[in-house]
Structures are given as structure tokens and as C-alpha cells.
Amino acid sequence: MNILSLFVIIPVVMMVLLFLENSKKAIRATMATGSSLMVILAFYIAYSFLTQRQAGADAAYLFTASQVWYQGFLNINYSVGIDGISVAMLLLSSIVVMTGSFASFAIEDQTKEYYLWFLMLSIGVFGFFISINLFTMVLFYEVALIPMYLLIGHWGTGPKEYAAMKLTLMLMGGSAFLMVGVFGIYFHSAAPGQPYTFEVQEIAKNLSLYMPINMQHVFFALTFIGFGVLGAMFPFHTWSPDGHASAPTAVSMLHAGVLMKLGGYGCFRVAMCLMPQASDDLAWVFIILTGTSVFYGAYSACVQNDLKYINAYSSVSHCGMVLFALLMMNKTAMTGAFLQMLSHGLMTALFFCLIGSIYGRTHTRDIRLMGGMMKIMPVLGVCYVIAGLASLGLPGLSGFVAEMNIFVGSFEHPDMFHRVFTILACTSIVITAVYILRVVGKMLFGPVQDPHHLTLTDAVWWEKVAAFGLIISIAIIGLYPLWISNMIGNSLDAIVKLF
Amino acid sequence: MDYSQFLVMQHEVSLAGVLILLLLSDLILGEKSKRCFQPLAILIFALHTIYGFYLGCETLPSSNTAFAGMYLTSNIHMFLKNILDFGTLIVFFLSYEWNQTTNKENIAEFYLLTISTLFGMYLMISAGDFLLFYLGLETASIPMATLVALDKKKKVSAEAGAKYILTAAFSSGVMLFGISLIYGSCGGSLYFADVANNFAGEKFQVMAMIFFMAGLCFKISLVPFHLWTADTYEGAPTPVSAYLSVMSKGAAAFAFMCILWKAFSCSSAPEISESWKNIIWWIIVITITVGNIFAIRQNNLKRFLAFSSISQAGYIMLGVIAGTDNGMGSMIYYILVYLFTNLAAFGVISDIENQTGKVNRDDYNGLYSTNPRLAVVMMLAMFSLGGIPPFAGFFSKFFIFAAAAEQGEYLLVFLALANTIISLFYYLLVVKAMFINHSDTPIVTIKSDKMSLLALTVCTIGVVVLGFISPLYESIIHWSFGI
């Protein structure tokens, strides 16, 4: 058995165990051990990936394994494999899943069902990142979507049912675009008469030979939009603020932290890598859309008063930045894009984790009704400031590394169009500082608005585990980014030549 | 006459044997031993099902005909008949409790009529000419009307039966008119092969074909011939609705496909099949959309499933438009998955209706807190109907869309996929009612009888594992044929 399949098997085993357990203690123990095991596994994989690369293994994907599933009309394999980019994504996912499990310890209502759905979500996420077969990618992608409905609809807050339905339907709508694209790709993946394939590597070799360029344009647009919906690309981002605002803490963490990265990763892996010519031709359309996401999201965040809405719009802006950088199609910007995925994933997870903790105490997320939190709950307050600083790109934290790469890379394009959009996107950094500091100033340092808040307590142990885990990861990327940016960059070398 | 021809149709002979045996045993069994009838009927039918599977295991020659080509059979025909047998068996299990309580006086009628309709479907599937096909269709339709009206104490049931028989009679009249025109314009023969040789796609012939299609569209309840569906499903006893929604639809869709391919296409002149492909294209789009949009507004779950089954029929027809062996295989796989899924949904509804009389979606609020198992089964059925992985519905949808996409029907596939989003909305409404909504008066905890428990377990296992069993789909594809 392939070691990568453990990423799917461990959650499945955990689901079975949870199904058999009834006491809350046992459920918590299972979640804590299982998710920590995944973090260890992810780091082990990263370590052995790097050692194998150093030892000279230069295949595009390592740890590959393939198992025939369907044959004949549809040739479907369960194929797994990872390159540097997937390793980074696996690290991110496992950390967020672990911290998310700890952050969900506060859930009292139907704990078992909650964790079952939570694990199904993580199966989808992990499965997607280890797949190198289009069919299983789509399969895991949709597996990750549907638990969101019940997680938000049942355990959420506010207009949760509306938000859950909106989110599910919009993302499924995206997958409708995606599916048509996948069919188009599949039926052009080999010479007529030859057996078609869903294998990403095979398709990458064949597609440009057997698919006429005007069809490539259509299917590139379809797949890019399909994944772009999940990456909160303007104008398909509207599910994101409502969904994030209504979701329970850990679900917001996982969703903004990992699931939205599925969108960017998919845009890159499926739309761009398979149809490089078309992505060259159509990049301008999507640069306009993603550029709009970047500054539109940032401006919207400035006028929100709900903490979760602020971070949801900030996610739109940052995820727009990811897609924007991918479309620049050079090594520096793309490395930045993946670093931004990591950095944004960790720091948004941290934000939502802290907001969940604060909301659990104050029962309000309106920043106008809160103040002086730094005095009342210093640990949470300090963590919030750190998250904010990472978000606005302070050197030494992960956000700076990512944004630096992105803007240096985008500025490499000398033409007017790219310059204008790069500068527009750059302005978002300033605006980010505005909305982050506004929250910090009002909520953490302002005068206490509500005397009841003075009685509130600070973080409990599991909240500390979740928050500190994320902060440490952010600091590691910020202080020592080279190993991870090299890992990503090396995998990009071969791909960048395509464009 | 060469009586050895009956050996070719062993499956039908076996079913006819079951029918006669049950008829006789109903006569012979006295009042006291009446309660034995139901187990006996299920047992005999189960034996027939097993025999059918045994027959289906042999590899038949590709053109196995009897009575000068009136009757055809092959592995794929066998397979579909076996699916129908299996589905009928599940329906029998589901209806066990209902027969014991509500339908006490008509137990024998229920079994006999159901098996007669099944016999009609067999003939429809295996028909090699229009005459046998028409006989099969009528044998499947007329007892069905009686089944729909079986609940004699309920007005809605009688109303549903009347609606069904009137529209069925009207549509089969239209169809018969079409067949007579085809007979006249295609060289005076009713054999599919002869019609295919003489069918040149002239306007008159196309008109005849459309009249013929109207009749079949009624059976599959494709828009605009769907108006009977909701009322009939709502009024009919729930096991009958379940039977109607899966078996009747599956058999008719397969027969429709065979006739379109065998009688109205010619492999050397593909432009002929273009004449109906356009019509089918529009029918699919309208059927899926109308079914979905009307399903959103339904509160009664039986009506809701009726409209959902209309849109599912549209998806089934995607296999027809492809016109390839992959299309046929995907369609049969779709029917198989749909059988498990829809029977699971109807099984839950039937259980709850039997014991509490509640069929509205609002009544299902908070079902998970009182009946977690039924709620989970219903949820799996809804997810599978909506095409959510890793449940079987995702695979069947993916395959049938792929079959259509293979022929370049990308726009159609896109419209169908966009429609799955609408359908997901109303399937999720049911899930929401059960898992998210709260109710002050939830449905009391129900203890299902053993038979329906067994049926629901089988269906649930089917929904969960069917997608992972790839040899099943591969062998269907291997047996199927195209234009």
C-alpha cells in the first residue's frame, strides 16, 4: 500500500472509531490522536520527499502509485503522487485539520455527528491533494463540499440555513462547470481510437496535440471558472462571506484555510498545467477578474463591522491574490502564489479560531460592541495581533514572504496591462493594514463597551493548542522560508517552461 | 410449431409459471391459510429471481431470437430483466407490512397484478417487432391502473387510478395510430429490422414516429406527457408508487432506446437518426428543467419524488441520445442505481406513512432525533439522487454524462449538470428538514418490521458500495450494443 493513501485511510478509521464511541472524552481523544498523527505523517512525508529529491529523484511526482478502478469506456485509476506543491498543501491541511479539531472541543451539541462530517470534509481535502487523476480529483472535491452543508446548517450561527444552502449550491454550480471541462479534457486525452485517460501526467503530454486550440479556450475557461468559484474569484465570491460568517469556528478555519486553496490548486493543476496555451491566451480575462477580487475584497473588508465578515472579505482578497499570481505565469510569482496559499491558510485559520473563541465568550462579533479585550483576555488578544500582522505582511511572518514574491514576480511583466494591475493589487496591502488596525484598535485597545465583558475568562488549553500551533507555523514560514519556497520552486521549474 | 422456441424465453416462461402458481394457490388456500399466501408468494418470486440470475450468468449468442424474430434476447436483456426482478422483490419486501395492515383483503391481487405488469415489461424489453411491443406495453399498463387504485377506501387512490387509465388509454391510442402509419409507410411490416430498412426519414414517416414516441414518453413520464405522474404517485399506495417510479420507467426507457436504435436508425446513414435526436435533445432539456422546477414547490414527499423522478427520467434519456454501446450500458447502470436509491427513499416514506400517516416534508422536521436510522437512509438516498460522491448516484450520473459527452453533446451535458444544482437544492431541503429543523411534534419513534428493514438495508448497502464495484459496470458495458 502506498503511504499517501494513509491520508485517506486514517480519517476513515477515525470515522469508524467515532461511530463506535459514545463518550465525549473518547471522541476528543480519538480526534486529538488521529489528527496529530496526520501532522506527523505530513511532516514525515515532507522530510522524505526532500531527502529523496536531494538523493536525485527527479520524477515530476514522487511516491506514485496507481490502481486500476474502471476500465474500458472510462479508464479510471486511483492514482496518487505528490510534488513539492502538494507536499506544501498537505502540510497546511494537516496543521489546519489538527488545530481545527482542537478548536472544536467547544462543540456540545451532537459532537459525534459533528466530527463525522468534519472528518469527511478532511478526507475530501487530503484526497484531492494527493490525487493525480482527474476523476478522483473531482470525486474528492465534491466529497469535501457536501459536509459543509450540514456543518454550517446545523452547527452554524446567524442565518445559517440560508448561508449553507447558498454556499453548497454555488460551489456545486462551480463543479458543474468543472465536470463539463473534465469530460472535454478526457475525450481529447488521446488520439482517436486510443484509450482515453484521466491521468494528469498523460493528459499534460497529449492534450495540446489532440485538442484544437479553440476548444482548449472553452475548456480552460470552464475548468478555471469551476475551480475559481471555490477560490472565491470575483464575481463568484458571494458565497464566501455568508458561508464563513455563519459557519462554526473549525469549519470556517478549514474552509477558508484549506478548502479555498483547493480552488487555487485546481486552477493551477488542471486548468493551467493541462492547457498552457489557452491559459496564455485567456490570462488577461482572469487577471481582470482576480485583480478585481483583490482590491474589491480588501475595500469591502474596511466597511464591515462583523469580525467574521471582515476576515471573509479579507480571504476573498487574499485568495484573489493567489489566483492573480498564478496567472502571472512566472516562477517567482507562482512560488509566491503557493506561499500565499500556505500563509493565508494558516493565518485565516488562526483568525477564525480566535474569532470563534472571542465570540464564544462575548456572544457578539460586532466590533462596535467590544473594546478593551487586550486587558480582559490577553492571550487571545496577543494572538489576534500576531495574526493581523501576518495578514498585513509584516516581515518575519509568513505573509511578507508570500506577497514579496508575488509582487516581484508580477512586476517582471514589462507591459502596461500587467503593470497597472500589479500596482492596483499592491494597493491592497495598504488597505489590509487599514482594516486590520481598525479592528485591533477598536476591539483590543478601545474602552470597554460592555461591563459584562470584564467577567470573561481567557483562552482554555485547547484554544491555546490551536492558536499556538498555527502561530508557530506562521513564524517558521516567515523566518525560514527558503526550504519551502525551494521545494515549491523546484517543482515549478518544469511547469513554468510550458507557458 | 417448434415448441423448442420457448426454451429461448425461459425467463418469461418461468415468470408465467410463477403467475399461474400464485393464481392457483390463491384459489386453493382456504380462509385460514390465507396468511401463508404472502410468504409463499415472496418465496416463489425469490426462486424465480435466483433462476433469472442463473440464466443471466450464461453467455448468450448476440442474436438469440424466437418466433421468427418477434422475440429477441441477449445478455443485456437478461441483465435488465434481472434488475427488474430484483427491484420487484425489494418492493415486495417493502410492501409486506402494508399488505398485512391496510391491504388485508387484496393481498393476492397485489402480487398477481404486480407480476403481470412485470410480465408485460419483459415482453416490452424483448420485443423484436411493434406488435409484441404493444402487447407488452398494454400488459404492463392495464394491471398497473388497477394497482394504483388498489386502496379502495381512499378517494385519492381511485382518482389516481382513473387518471392513469385515461391518460394511458389515450396515449396508447395515439401510439397505435403511429404504429399503423409506420406499418403503412414502411413496407407493410412490423418488424423493427424491416422498418429500419424502409425508414428514410420522410416527413410522413417522421410524423408517424412522433405519434409513436408520444405513447412511450407517457410511460417514461417525459415532459410534456408527464401530467399524470404527480397525482398518480400521490394517490397510489406507496409501494405501488415505488414500483411505478422505478420498474415501469426503467423498462419503458430501455424499450424506447431499443426501438429508436433498431427501427429508426441506420448505421450507414446517420442523418436518419438526426431526425429524432433533435426531438430527444429538447425533450431531455425540458423534462429535466420542468421536473426540477416543479419539485421545488412540493411539500408532499410522494409528489416531490414524482417530480424528481420526472427529472431523473430526463437524465436516463441522456443514454439514448448518445446512441453508443457506452450509452446503453450507462443507462442500464443508471437504472440499477436509481432502483436502489429510489426504493430506499420510498421505503422510508412508506414505513413512516404506514405507522403515522404522515407524508409531508414539514412532518419530517427533526426526524433524526427520533428515528436516526431512517433519517440516515433517507439522507443517503437524497445524496445519491443528487449525485453526491462517494454514493452510487454520483457514479451513475458521471457515466451517463460521459456517454453523452463522448458524442460531443457538451451543451446538453452542461444543461443537465446545471439542473443537478437545482435538484440538489430540493434534495437538501429534505435533508435539512430531517437534520437541521426542529419540531415540537416530531414523528414518534418507529419500529420498522423485519421485511422492510431487510429491504432498506439492501438498498442502503447498494447506495453506498455500488460505485466502488467496477466489474459490474464493466460487464454491463461489455454486453451492451449501440446503433
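Biologist: How many salt bridges are counted between chain A and chain B?

Modeller: This is a predicted model, where local features need pLDDT of at least 70, side-chain atom pairs count only at pLDDT 80 or more, and totals for chains, interfaces and linings use all residues. Side-chain values use heavy atoms, leaving out hydrogens and water. A salt bridge here is a side-chain nitrogen of Lys or Arg within 4 Å of a carboxyl oxygen of Asp or Glu. Between chain A and chain B, the count is one salt bridge.

Biologist: Happy to hear it! Which residue of chain B pairs with Glu161(A) in a salt bridge?

Modeller: The closest N and O atoms of that pair are 3.6 Å apart. The partner of Glu161(A) is Lys432(B).

Biologist: Which element gives the largest share of the side of chain A that touches chain B?

Modeller: Elements are DSSP runs numbered from the N terminus, helices being H or I with at least four residues and strands E with at least two. Those giving two or more residues to this side include strand E1 (62-70), helix H4 (111-130) and helix H6 (160-186) of chain A. The largest share, 12 residues, comes from H6(A).

Biologist: And what percentage of the area buried between chain A and chain B do carbon and sulfur atoms give?

Modeller: Buried area is the accessible area (1.4 Å probe) that two parts lose on being put together, summed over both. The area between chain A and chain B is about 3,500 Å². Tyr70(A), Phe73(A) and Phe183(A) supply 20% of what chain A buries against chain B, more than any other three residues. As for carbon and sulfur atoms, they give 82%.

Definitions and conventions. Residues numbered from 1 in each chain as written. Chains lettered and ligands numbered in written order.
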